[in-house]
Amino acid sequence: MAGVTASANVSVGKPNLRVSGGILRAPLGSERPTDPDGALDSAYESAGYVGEDGVTEASERSTEDIRAWGGIKVRTVQTEYGTTLTFTFIESRRALVLKSVFGESNVTIDPKGFIKVRRNETPLESAQWVVDMKDGDRGARRLDVGNGQITEVGDISYVDGEAISYEVTMSCDPDDNGDTLIEYVTDPDFQGGNDGSEGDDSGEA
C-alpha cells in the first residue's frame, strides 16, 4: 500500500534528450506508443529543441445549464471538450519543424544546399505527436497525441541576439477511441515480477 505522501511521486517535466528535444512527430497511421519509455516506431522524427517554457497542456470543457420554469437550475450538461498543447520550436533550420509550421508541400529541400519555405493558405496537415519526458531515475512520462494539428502560429521575430522561433498551438483531435491525448507515467510503486496472478489458490500448476 502506498504511503500517505511520497516525494518519489513528485516529478518534473524534463525532456528526454536521449531520444529527442522532447517532441517527436510521425505520419498518421504510424504505430503509437503503449508505455512511458518503450522504443518508438521508427516513423517518429525529432522536432529538435523546444523553448525553455516547455509544453503547456490545456483542456477546455464547455457546459450549459438547464433551468426549469422559474429559473431553478436542474442540470448542467457538457456540450464541448477539447485539448490543446502549446510549445515553441527553436530549431528554425530543421526541415521537420518548417514543415510542421508552414505545411509539408510548402517546404522544399534544394540539392544546392538550401531550404525553400512558402507561405500561403494551405491548411496544415494532421500528424501523430509524442512528448517524451524523463525525470532522471524517478521514471518517465509520455504524452501521446494520435491526431494533432497545429492551428495557431505566433508572430515570428527576426532579432539580433535571439533565436528565431515558432510558438505554436496544437489541437489534439479525438482518435478512433475518442481520446484527444493519452498520458503514460512510470508507476513508482510497481515492483517487477508480479503479473497480477499472485495469490491464485486455484491449485493449477
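Is strand β7 largely enclosed by the rest of the structure or left open, and how many of its nine residues are buried? In this predicted model, seven of the nine residues of β7 are buried, so the strand is largely enclosed by the rest of the structure.

Start with the neighbours of β7. Strand β1 (residues 23-26) runs antiparallel to β7, and four bridges join the two. One of the pairings puts Ile 23 together with Val 131 of β7. Strand β8 is also antiparallel to β7, this time with eight bridges. Here Trp 129 stands opposite Val 145 in β8. β7 and β8 make up a hairpin, with five residues between them. In that turn sits Gly 136, which has a positive phi of about 55 degrees.

Now for the nonpolar cores. The largest one has 25 residues, and Leu 85, Phe 87, Phe 89, Trp 129 and Tyr 166 are the ones that touch the most other members. Two or more residues each come from β4, α1, β7 (126-134), β8 (140-153) and β9 (166-172). The top giver is α1, with five residues. As for Leu 85, its contacts beyond four places in sequence include Val 131, Leu 143, Val 145, Val 168 and Met 170. There is another core apart from this one, made of five residues, including Leu 24, Ala 26, Tyr 44 and Val 130.

Ile 90 belongs to the loop between β4 (73-89) and α1 (95-102). Its relative accessibility is 31%, so Ile 90 counts as partly exposed.

Conventions: Residues are numbered from 1 along each chain as its sequence is written. This is a predicted model: local features need pLDDT of at least 70, side-chain atom pairs count only at pLDDT 80 or more; totals for chains, interfaces and linings use all residues. Side-chain values use heavy atoms; hydrogens and water are left out. Buried means under 20% relative accessible area, exposed over 50%, partly exposed in between (1.4 Å probe, protein chains only). A nonpolar core is a set of buried Ala, Val, Leu, Ile, Met, Phe, Trp, Tyr and Cys residues joined through side-chain atoms within 4.5 Å. Contact means heavy atoms within 4.5 Å. Two strands pair if DSSP finds at least two bridges between them.
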